[in-house]
Amino acid sequence: VWTIEAGLKSRYIDKVIVTSDDDEIQKISLEAGSKIIKRPHKLAKDNTNLNDVIKHAINIIEEQYDIVVVLQPTSPLRKAEDIDNALEIMDRVKAPAVISVCKANKPLNWHFSVQVNGTLKPILQNKIISNSQENESTYIPNGALYISKTEYFKSTNTFYNDLTIAYIMTQEKSVDIDSQFDFAIAESLIV
C-alpha cells in the first residue's frame, strides 16, 4: 500500500498497476486505488526475472505508455517526490532509463569471497586501502525506482546500460526488504 500510495501521489504517473498471482494482494491493491494484472503462476516464482514480469505487463495493458516506472513493494520508503524527481531528471537529460541508487556502505575493494578452505579472496585484485576516505564512492541499486522509456526497455530488455542515469537516494529511503531484519528497519523508519 505504501508503494501504491507513492505512485498515486506522483504528478506524472497516469496509472498504478500491481501485478500479482495472489488474491489477497490483488484485493488490497484494488482497495488502495491501483489496477491489477493477474500474473501467471509461471511468472510468480521466487526465481522469476523481474524483466519478464514487466514485459508481460507491458504486453497485456491495452493502453500504450511512453514510460514504464517499476516501484517494488519491498522498497516502501521512496516517496512521490522521488518518483517525480527521477522522472524530471530523465526528461531533462534525455536519458532512456533511470535507476535509484544509494551510496554503498563499504568500498568495493573491501569485499571478499570466502573460499572452500576458508581463506579470503579479494573481489578486486588491487591493493586494499585501509582508509575508506581514500576510496572512490560506489553506489548500488536500492530497488526503489526502475524507470525506462517503454520502447527502449522492450528493445534492450533491461534498465541497466551505458545510458542509464542514477537517481541517488539516502540510506534512510533505501531500505530494501529481503529479511525480517530489513522489515524491522523499514517499519522503524516509516513515518
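Author: Happy to! A polar contact here is a pair of N or O atoms within 3.5 Å; within protein, one must be able to donate a hydrogen and the other to accept it, and residues adjacent in sequence count only if both atoms are side-chain atoms. This is a predicted model, in which local features need pLDDT of at least 70 and side-chain atom pairs count only at pLDDT 80 or more, while totals for chains, interfaces and linings use all residues. Residues are numbered from 1 along each chain as its sequence is written, and side-chain values use heavy atoms, leaving out hydrogens and water.

Let us go to Ser 100, which is found in strand E4, residues 97-103 (strands are DSSP runs of at least two residues, numbered from the N terminus). Ser 100 is buried, with a relative accessible area of 0% (buried means under 20%, exposed over 50%, partly exposed in between, with a 1.4 Å probe and protein chains only).

What does the side chain of Ser 100 meet? A polar contact of 2.4 Å joins it to the side chain of Asn 142. Leaving aside neighbours within four places in sequence, Ser 100 is in contact (heavy atoms within 4.5 Å) with residues including Ile 140, Pro 141, Gly 143, Leu 145, Tyr 167 and Met 169.

Strand E7 spans residues 139-149. E7 runs antiparallel to E3, and four bridges join them; for instance, Ser 148 in E7 is the bridge partner of Val 68.

Notes
Pairing = 2+ DSSP bridges.
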